[in-house]
Structures are given as C-alpha cells and as structure tokens.
Amino acid sequence: MLKDINLELIKNQADKFIMPFLAFLKKYVEAFLIMIFLLMVIFWGYVFYIYAYNPVFTDPKVVVTTLKVNDKMLKIVVDDVKEREKRRVTIQLIDVKNPFQDATENITKIETATSTTSVIR
C-alpha cells in the first residue's frame, strides 16, 4: 500500500516537471537545432583558424641543439650491424630444400642427377 502511494506521488511529481519541459522542447525544437548548428559551425571555424589559417602566418619556433655522439654506443651499434651483415651473407649461402615440392619430384631429380653423373664418368 505504501509503495503504491509513493509511486503515484513520484509519477505525479514527474508529470508536473517533465510534461511542461517536453512541451517547451516541442515548441522550440527548430530554435534549438539552429543554435546547435551555429555552435558547430563556430567550433569548426575556430579549429580551422587554429590549425590551418594561423600556422601559415606565424614563424615556426626552431630549436637548434648540438648532437653529442657517444663513441662507445656508436662502436657497439656498428659492430652489431657488421655481425648482422655476416649472418645475412651466411644465410644467403645456405641451400634450403623447397618444402612445397612433392616428395616424388625430389626422388626423380636425385635419380636423374645420379644417372647423368654416371654417364659423365
């Protein structure tokens, strides 16, 4: 019983405030949409001015600093690059079998290779 009374009271209070607000929105919806559109255009203009128009007419702030080279780190990096180059060359020289080739093709190639070598002898 108490819950029903509280729910009715809440519903009446909500109807008192929500219905006039919805009626107000219904009456002035065009004005709100126009205001939102104008605010979006103003915001777009501000962003355009800040990031597209303004940088063209301002000088960039250039900061020049000297670069200090750490000889120890440079030597480590150069040695690492040389080591990688050696590994790359050795990898290129390795003959790797084609894993996508049929096994019977490998056997026929081996047989033809042995038969040609025996003929050459």
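**Salt bridges and a nonpolar patch**

Student: Is Asp80 buried, exposed or partly exposed?

Tutor: This is a predicted model. Asp80 has a relative accessibility of 32%. Buried means under 20%, and exposed means over 50%. Because 32% falls in between, Asp80 counts as partly exposed.

Student: What is the N to O distance between Arg87 and Glu83?

Tutor: Both residues lie in helix H3, four residues apart. Arg87 is partly exposed at 45%, and Glu83 is partly exposed at 41%. Their side chains meet in a salt bridge, N to O, at 2.4 Å.

Student: Lys75 and Asp79 form a salt bridge too. Which of the two counts as exposed?

Tutor: Their side chains meet at 3.3 Å, N to O. Asp79 has 37% relative accessibility, so it counts as partly exposed. Lys75 has 54%, and the cut-off for exposed is over 50%. The exposed one is Lys75.

Student: Which helix gives the most to the nonpolar patch?

Tutor: The patch lies on the surface, and its residues include Phe17, Leu22, Tyr28 and Met35. Together, the patch residues have about 980 Å² of accessible area. Helix H1 (2-27) and helix H2 (29-57) each supply at least two residues. With seven residues, the top contributor is H1.

Student: Which helix holds Met35?

Tutor: Met35 belongs to the nonpolar patch. Met35 is partly exposed, at 46%. Its helix is H2.

Methods:
Residues are numbered from 1 along each chain as its sequence is written. This is a predicted model: local features need pLDDT of at least 70, side-chain atom pairs count only at pLDDT 80 or more; totals for chains, interfaces and linings use all residues. Side-chain values use heavy atoms; hydrogens and water are left out. Patches are made of residues with over 30% relative accessible area and no salt bridge: like charges are joined within 9 Å, nonpolar side chains (Val, Leu, Ile, Met, Phe, Trp, Tyr) within 5 Å. Accessible areas come from the Shrake-Rupley method with a 1.4 Å probe; for residues, only the protein chains shown count as cover. A salt bridge is a side-chain nitrogen of Lys or Arg within 4 Å of a carboxyl oxygen of Asp or Glu. Buried means under 20% relative accessible area, exposed over 50%, partly exposed in between (1.4 Å probe, protein chains only).
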